[in-house]
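Me: Let's go through the labels on this one. For each, I want the value and the cut-off behind it.

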Amino acid sequence: MRRSIEELRTFYGEPAGALARRLLARRLEDAWGEATNSDVLGLGYATPWLDAFVGARRVVAAMPGGQGVEPWPAAGKNRTLLVDDRRLPFAAGSFDRILMIHALEEADDAQALMNEAVRALSPAGRIILVAAARGGLWARSESTPFGYGQPFTRRQLERLVRAAGLEPTAWSQTLYVPPWGPLLPLADGLEQIGKRIMPGAAGVILLEATRQAYARIRPGGAVATVPVMAPALQPQPASRSPRDLSDSDLAGNGERP
């Protein structure tokens, strides 16, 4: 059962939630910047980060039925909708960027949800999965939404995207500070220390993937892949060791060589 929209909203209004929002926003800014001239989909509970994509043509927030939905943005026309995990109401190839957060861990069928997200991704699109890290302390604490459902390892996320016809291209981790109030002020220092000497202590994994081949779902549910030509400046597959989704690698929303 998914965390309710009220629980999620309450968490992100608390100190631990505000910290998680800030640290994740830093990583997303490194990766996509303002998402200039892109159509962006936030899937799960992504509204705390969608306001940053001020350069996008269109931004939509899709929230799973078991979670509930809230209006967003605070001002202007509502851009949220309630969706079925297994049948997203979007045409194939509708979005250039898809951010999945609080989406996979509590999905009834994570692979089916991933397949639907890939169907909605454009041929040159990019997707970022944000999921609770199996070895981190945030996945072990029920005081945060990351402590519910199925946490993941990096390898599990890589298998998930490959099964849907994508290729991992970059990854990162964050939230090295334990989700305990007295330690939260130490978060920035622990981010620097943790990624060097305690990589297994991160609370959240971010994995970026691109459509090196687009997924075509057969009637029986199997995934067939059809290769597409990658533009010269699109990220190339990193089948063995995707690069770290870090400040230096992805800053400025630039494409990788």
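Reply: Start with the salt bridge: a side-chain nitrogen of Lys or Arg within 4 Å of a carboxyl oxygen of Asp or Glu. The model is predicted; local features need pLDDT of at least 70, side-chain atom pairs count only at pLDDT 80 or more, and totals for chains, interfaces and linings use all residues. Numbering runs from 1 along each chain as its sequence is written, and side-chain values use heavy atoms, without hydrogens and water.

Me: What makes Arg-86 and Asp-109 a salt bridge?
Reply: Their closest N and O atoms are 3.7 Å apart. The limit is 4 Å, so the pair qualifies. Arg-86 sits in the loop between strand S3 (80-83) and strand S4 (95-101), while Asp-109 sits in the loop between S4 and helix H4 (110-119). They are 23 residues apart, and the pair links distant parts of the chain. Helices (H or I, at least four residues) and strands (E, at least two) are DSSP runs, numbered from the N terminus.

Me: What labels do Glu-7 and Arg-3 get?
Reply: Glu-7 has a relative accessible area of 38%, so it is partly exposed. Arg-3 is at 17% and therefore counts as buried. Their side chains meet in a salt bridge at 3.6 Å, N to O. By the rule, the count comes to 17 salt bridges.

Me: How many aromatic pairs are there?
Reply: Six. Rings of Phe, Tyr and Trp (its six-membered ring) pair if their centres lie within 6.5 Å; planes under 30 degrees apart are stacked, over 60 edge-to-face, the rest tilted.

Me: Why is the pair of Tyr-12 and Trp-49 called edge-to-face?
Reply: The centres of Tyr-12 and Trp-49 are 5.3 Å apart, with 85 degrees between the planes. An angle over 60 degrees counts as edge-to-face, so the label holds. Tyr-12 is in the loop between helix H1 (5-11) and H2, Trp-49 in helix H3 (residues 47-50), 37 residues apart. Tyr-12 is buried because its relative accessibility is 8%. Trp-49 is buried at 2%. Ring pairs link Phe-11, Tyr-12, Tyr-45 and Trp-49 into a cluster.

Me: How do you know that the span of helix H2 agrees with its number of residues?
Reply: The expected span is 1.5 Å times one less than the number of residues. For the 18 residues of H2 (residues 15-32) this gives 26 Å, and the end C-alpha atoms are 26 Å apart, so the two agree. Buried residues in H2 include Leu-19, Leu-23, Arg-27, Asp-30 and Trp-32. Just after H2, Gly-33 takes a positive phi of about 55 degrees.

Me: Why is Ala-132 called buried?
Reply: Ala-132 has 0% relative accessibility, so it counts as buried. Its place is in strand S5 (residues 121-132). Beyond its neighbours within four places in sequence, Ala-132 is in contact (heavy atoms within 4.5 Å) with Glu-105, Ala-139, Phe-146, Pro-151, Phe-152 and Gly-203. Its C-alpha atom is separated from that of Leu-104, 28 residues away along the chain, by 9.3 Å.

Me: Why is Met-198 called partly exposed?
Reply: Its relative accessible area is 33%, so Met-198 falls in the partly exposed class. Met-198 lies in the loop between helix H6 (187-197) and strand S7 (204-210).

Me: What share of the 257 residues of the chain count as buried?
Reply: That share is 55%. The chain has seven helices and 10 strands. Among contacts between residues at least 6 apart in sequence, 67% join residues at least 24 apart.

Definitions and conventions. Buried means under 20% relative accessible area, exposed over 50%, partly exposed in between (1.4 Å probe, protein chains only).
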